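Work through the exercises below with the structure open. Try each task before reading its solution.

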Amino acid sequence: MTPQQEAPITEDGVEPTQPPPTQHAALNTQHFATTAVHAGERLGGPAIMPTSTPIYASSTFLGEDAAALDAVLGGTQKGYVYGRYANPTVVALEAALTALEGGVATAAFGSGMAALHAALLLVEMQPGDVVLAARDLYGASHALLNTLFAPNGIIPRFVDCNDAAAYSAALQEEPHPRAVLVEPISNPLIRVLDMAGIIEQAHAVGALVIVDNTFATPYLYQPLVGGADIVMHSATKYFGGHGDAMGGSVTVRDPAREATLRSLSKLLGAVLSPFEAHLVHRGLKTLALRLERQCANALAVAQWLAAQPTVAAVHYPGLPDHTGHAVATRQFRPGAYGGMLAFEIRAADRAAMFGFIDRLRLLIPATTLGDVYSQVSYPIMSSHRDWSPALRRRAGISDGLLRVSVGIEAVEDIIGDLEQALRAA
Ligand SMILES: *Cc1c(COP(=O)(O)O)cnc(C)c1O
């Protein structure tokens, strides 16, 4: 029986009193199963302008007609065809990130690592090419270079980028690096790189500069405005900011790199879902407010910690005795030193640190950072657990070191929690 012959009734035998809300009149005479599939979709109707970009949960997008679809697929007309190529919710986030970083184009990814992978591929290196990377890079970034790129002939060269002489020497070494990968604020010791010098010297030997700006965020520092070529983020951290979404982004300064970035995103396929894009874009709206509070809280916490006799050292660029204080003051947003700090409990071993972490009631021992919640991370247990004790000692990562991502709570409560946990130490 064809749809035309069948009576327009539902499968449970009830005559529909209202036709389904659709412009497609033919649906009224279709089988229930067909109506269930198409009803409500592609309504057209009066133009609506949502204040906030909705979640376009659609894997494909249709053209007005076949010719329009052909034009979009051929690249002669802008538009949407397939979710892996572009999605309006994701594009809205990408536009926001391009504006915040002062770049020309952004591609969003499913995680920070996917974004870093794309950023490195964007350099279009050949076997034998060198990537010069900061030694205190995020752990997985280290691993990406060593386990995925090195076996394919790309040579990672690690150097302490805070050591100006060592950095210069590593740039001059033949073959000169094709790319330099750095983080303006390092993990876990919160060291600050003098980015102007890093970028200028890298460009002098023809290397592109990739900046992992996850810790600083464009609220503190905009690498592309400072002359860097590619900036990437783990959007899982400050951009989302609420611990409920994972994502990453790559933003470029040179318009000539946009097409390569787009095609890389299509081929890697690690695209951001519209649901996560919506959450991250929502997070961006309060990025400045959150960071303003996080910077103020972090400074107060750092000052308080520095006055405690049981605390051996505090690493926070907002403190005048921090090695990066002058650079941070010149380089970052005036008065802002970030929401990340680290401190060392005097003579604390692993067991004492476990005790301290377990006594915390407000600060969360979560393996992430940049959220509205205050979070602690124990480097020798998490980010640097695979480093040998000798290597950790050389890098200045002691058994008593704890990293804090300061949240937006009332600072008295954050300090109060640290105080009660320290008192028993
Ligand atoms: C978390 C993080 C990454 C990786 O991001 P994911 O979203 O976890 O993939 C890269 N760099 C830095 C500095 C990070 O903190």
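**Exercise 1.** Is the crossing in which α11 passes α15 left-handed or right-handed?

*Solution.* The model is predicted. Start with the two axes: helix α11 (residues 287–306) and helix α15 (residues 411–423) come within 10 Å. The axes cross at roughly 30°. Angles under 35 degrees count as roughly parallel, so α11 is roughly parallel to α15. Now take the hand: α11 passes α15 in a right-handed crossing.

**Exercise 2.** Find which residues in α11 meet which residues in α15. Then divide the residues of this contact into nonpolar, polar and charged.

*Solution.* On the α11 side, list N297, A300, V301, W304 and L305. On the α15 side, list V411, I414, I415, L418, E419 and L422. The contact divides into 9 nonpolar, 1 polar and 1 charged.

**Exercise 3.** Trace the order of the 7 strands in the open sheet. Why is one side of β1 and of β3 left without a neighbour?

*Solution.* The order is β1-β7-β6-β5-β4-β2-β3, with mixed pairing. β1 (105–109) and β3 (155–159) stand at the edges. Each has a single partner strand, so one side of each has no neighbour in the sheet. Ignoring direction, neighbouring strands are turned by 20° against each other on average.

**Exercise 4.** In which sense do β5 and β6 pair, and over how many bridges?

*Solution.* Take β5 at residues 208–212 and β6 at residues 230–234. They pair in the parallel sense over 3 bridges. D212 stands opposite M232 in β6.

**Exercise 5.** Which strands do helices α3 and α5 lie across?

*Solution.* Helix α3 (residues 88–101) lies across β1, β6 and β7 (248–252). Its direction is at about 125° to β1. Helix α5 (residues 139–149) lies across β2 (130–134), β3, β4 (179–182) and β5. Helix α5 runs at about 145° to β3.

Note on methods: Residues are numbered from 1 along each chain as its sequence is written. This is a predicted model: local features need pLDDT of at least 70, side-chain atom pairs count only at pLDDT 80 or more; totals for chains, interfaces and linings use all residues. Side-chain values use heavy atoms; hydrogens and water are left out. Two strands pair if DSSP finds at least two bridges between them. Helices (H or I, at least four residues) and strands (E, at least two) are DSSP runs, numbered from the N terminus. Axes are lines fitted to C-alpha atoms, for helices over the stretch in contact, and angles run from 0 to 180 degrees between N-to-C directions. Contact means heavy atoms within 4.5 Å. Angles under 35 degrees count as roughly parallel, over 145 as roughly antiparallel, 65 to 115 as roughly perpendicular and the rest as oblique. A crossing is left-handed if the near helix is turned anticlockwise from the far one by less than a right angle, and right-handed if clockwise. Ala, Val, Leu, Ile, Met, Phe, Trp, Tyr, Cys and Pro count as nonpolar, Asp, Glu, Lys and Arg as charged, and the others, Gly among them, as polar.
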